[in-house]
Amino acid sequence: MATDKELSDFLENVERRAFKQAIYAVRKEESALDIVQDAMIKLSQSYGDKPPAELPLLFQRILQNTIHDYFRREKVRNTWVTLFSSMTGNGDAGDEFELLDHYNAEDNAQSSESGADKLQREQTLNAIDHEIQKLPARQREAFLMRYWQDFDVAETAAAMGCSEGSVKTHCSRASHTLAQALKAKGITL
């Protein structure tokens, strides 16, 4: 049974990664923040009494379901917007997520970095971010859980609701696609 401190520490630890995962899925910063907040509240209210070891998988499942709920609501909302678009006009600003606005460098990393190195790092991060966004949703989801969240194959499969073989396939395809795209841009990691 997780204590309030353990639950709070877990949520604090997972917040940034969850936001990044949500932003890749919905591509709207405000919506991603709402999704992460909703997922955290649902975990606290419904599963706060679970053992700390179960929290990561529960949270990932809740986060994925909250993202799917967002898309369902958007589909309904877009239907109505389309129907009434002639009366309301099109006022979408199209705000995009900027990776570099949210990237926190390690302490003292930028102070010893030359302008050329900083530019190179920013361009590499932008290229990686752009290529990750272009991945199909399931590949992106598996890739981020395995390599961003550090979930093992079984945990990722449980969170995604698929087999371990599917997770391996999605991760392999995502890795190969990213490697080829970055290599074509002259980026080697």
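I'll start with one residue. S31 lies in helix α2. This is a predicted model, so please hear everything that follows as computed from that prediction. Is S31 buried or exposed? With a relative accessible area of 16%, S31 is buried, since the cut-off for that label is under 20%. Leaving aside residues up to four places away in sequence, S31 touches V26 and Y70.

Now the chain as a whole. How many helices and strands are there in the protein chain? Eight helices and zero strands. Read from the N terminus, the order of elements is α-α-α-α-α-α-α-α. The chain has 189 residues, and 34% of them count as buried. The accessible surface is about 11,900 Å², with 50% of that belonging to carbon and sulfur atoms. On contacts: take those with a separation of 6 or more, and 69% of them are between residues 24 or more positions apart.

Helix α1 covers residues 4–26. Where does α1 bend? The bend is at E15, and it comes to about 45 degrees. Just after α1 comes R27, with a positive phi of about 60 degrees. As background, most residues other than glycine have a negative phi. R27 is not a glycine, yet its phi is positive. R27 sits in the loop between α1 and α2, and α2 itself runs over 29–47. At 34% relative accessibility, R27 counts as partly exposed, because that value falls between the 20% and 50% cut-offs.

From there to helix α3, residues 55–88, which holds I62. I62 has a relative accessible area of 11%, so I62 is buried. Which residues does I62 touch, not counting those up to four places away in sequence? They are A39, K42, L43 and Y47. For a distance in this part of the chain, the C-alpha atoms of I62 and M40 are 8.4 Å apart, and the two residues are separated by 22 residues along the chain.

First, α6 with α8. Helix α6 is residues 137–148 and helix α8 is residues 164–184. Their axes are 8 Å apart, at an angle of about 95 degrees. The two helices are therefore roughly perpendicular, a label that takes in 65 to 115 degrees. On the α6 side the contact uses R138, Q139, A142, F143, R146 and Y147. On the α8 side there are V167, H170, C171, R173, A174, S175, T177 and L178. By class, that contact has seven nonpolar, four polar and three charged residues.

The other contact is α7 with α8. Helix α7 is residues 153–160, and its axis comes within 8 Å of the α8 axis. At what angle do the axes of α7 and α8 cross? They cross at roughly 100 degrees, which makes α7 roughly perpendicular to α8. From α7, the residues in contact are V153, A154, T156, A157 and M160. From α8, they are E164, V167, K168 and H170. That contact divides into five nonpolar, two polar and two charged residues.

Conventions
Residues are numbered from 1 along each chain as its sequence is written. This is a predicted model: local features need pLDDT of at least 70, side-chain atom pairs count only at pLDDT 80 or more; totals for chains, interfaces and linings use all residues. Side-chain values use heavy atoms; hydrogens and water are left out. Axes are lines fitted to C-alpha atoms, for helices over the stretch in contact, and angles run from 0 to 180 degrees between N-to-C directions. Helices (H or I, at least four residues) and strands (E, at least two) are DSSP runs, numbered from the N terminus. Angles under 35 degrees count as roughly parallel, over 145 as roughly antiparallel, 65 to 115 as roughly perpendicular and the rest as oblique. Contact means heavy atoms within 4.5 Å. Ala, Val, Leu, Ile, Met, Phe, Trp, Tyr, Cys and Pro count as nonpolar, Asp, Glu, Lys and Arg as charged, and the others, Gly among them, as polar. The bend at a residue is the angle between axes fitted to the seven residues ending there and the seven starting there. Buried means under 20% relative accessible area, exposed over 50%, partly exposed in between (1.4 Å probe, protein chains only). Accessible areas come from the Shrake-Rupley method with a 1.4 Å probe; for residues, only the protein chains shown count as cover.
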